[in-house]
Amino acid sequence: MRSKCKIVTLAAIILGSIFLYLSVQQYGYPEKAELQHKISYLEKFVNQPFNNNSELEALRKQNPEWILFSLSFTVYALTNITMKDTSFRHSAITIIDKAIQKATSDTIYQYYSEQRNPLYPNIDTTGSILYLGHLNMMLACYRLLSPECRYDELHDRLSASLYQRYSKSKYHSLPSYSSNIWIADNTVGLASLYLHSQITGSKYKSSCTEWVKYAKQHFIDSKTGLLCSKIDEESGKMIEASRGSMIGWCILFIFRFDSEFAQKQFELFKSEHSKNLGIIRLFKERSGDFTTDKYGEIDSGPLFMGYSIPANAFAFGDAVALDDKVNAQRLKRLINLGSKSIKSDDEIHYKVRYIDLPISPLAEALLLYFETMSEWDNINFR
């Protein structure tokens, strides 16, 4: 009897020690070989033609935005990686160039502008900030890494246009579609202007300062202290409260132009939207909501007891960016539980476990960006 008690006690101590170790384990940057395999998969995607058999077309059928996001986050991830390891620079520039060519094709921009070409000969000054913000970030990344000046003129014209539009905007924000202004899309556009200022010394980063000041007064959900998701273009009033998929996204890009505000929002995101279970941390789509929905919404995906895949994925990127290594590891562990990697000799990509949710290559681009988050300051290769 005593021997059994000793065994049970020993087992409890061992399990407790393992749990304690896992609960304080810190996130570590991916190995170079792993990064190369993931880049190889995304490079193949970026080089695909637009046809019925491509992953590009499969993404378009699900959501046209996902093509743009797959391209843009691939570019952002490659920029992160090159900032850490310049041996990736040459291949990164080549892939980024191809991604920009895809993003500026009529197959992509037709969803965001009524003009036949929203970039030439003049910039569309009514175009979607969703499209133009991501494109401007992609152009900035190319300019940051490449010695070539092939997109400089377009980058300058687009940045000037966005700066003027923000300066004239009644609510320091621009519409994504119709009369609705999505805060998340504006954080991308603003980050692109901040990056233009970093590279060229332009005054455009002042738009970021003005936006943060205004957002703190007018875009904060009084219940959570977090940024709301959407406002009305006519009234400027909040029409959707904070959501996990949106605030997680916002923090990633606010980090580029105001890390202090990003940090404060992340702390509130953790306290208002998440549950710490020691070895994993779970983030909800909406604070205090326990809805289970097999399909959910287009941005949240399926919900289980209020928890969504995007909320947790973006929170992972936030944690890496803001150097919260313990929670980054908890979230990475959760992602590993919910996904399975498909490996070949030179590629890695993912599938979702348990549910039929085709999200490649968007998932690969997002996760590669999240797990390699780094600052883009102090490096310019020209």
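The buried residues of helix α12 are F261, A262, Q265, F266, F269, K270 and H273, where buried means under 20% relative accessible area, exposed over 50% and partly exposed in between, with a 1.4 Å probe and protein chains only. An α-helix has 3.6 residues a turn, so residues three or four places apart point the same way.

This is a predicted model, in which local features need pLDDT of at least 70 and side-chain atom pairs count only at pLDDT 80 or more, while totals for chains, interfaces and linings use all residues. Residues are numbered from 1 along each chain as its sequence is written, and side-chain values use heavy atoms, with hydrogens and water left out.

The protein chain contains 15 helices and 10 strands; these are DSSP runs numbered from the N terminus, helices being H or I with at least four residues and strands being E with at least two. Of its 382 residues, 56% count as buried, and the accessible surface, about 17,400 Å², belongs to carbon and sulfur atoms for 53%, as given by the Shrake-Rupley method with a 1.4 Å probe, where for residues only the protein chains shown count as cover. Among contacts (heavy atoms within 4.5 Å) with a separation of 6 or more, 67% join residues 24 or more positions apart.

The expected span of a helix is 1.5 Å times one less than its number of residues, and the table sets this beside the distance between the end C-alpha atoms.

| Helix | Residues in helix | Expected span | End-to-end C-alpha distance |
|---|---|---|---|
| α11 | 14 residues | 20 Å | 21 Å |

Helix α9 (residues 183–200) packs against helix α11 (residues 244–257) at an angle of about 15°, with the axes 8 Å apart; axes are lines fitted to C-alpha atoms, for helices over the stretch in contact, and angles run from 0 to 180 degrees between N-to-C directions. The two helices are therefore roughly parallel, a term for angles under 35 degrees. The contact involves, among others, I183, V188 and Y194 of α9 and W249, F253 and F257 of α11.

T372 lies in the segment after α15 (362–371) and, at 0% relative accessibility, counts as buried. Leaving aside residues up to four places away in sequence, T372 touches Y29, L35, A77, N80 and I81. G317 is 55 residues from T372 in sequence, and their C-alpha atoms are 8.4 Å apart in space.

Notes:
Parallel < 35°, antiparallel > 145°, perpendicular 65-115°, else oblique.
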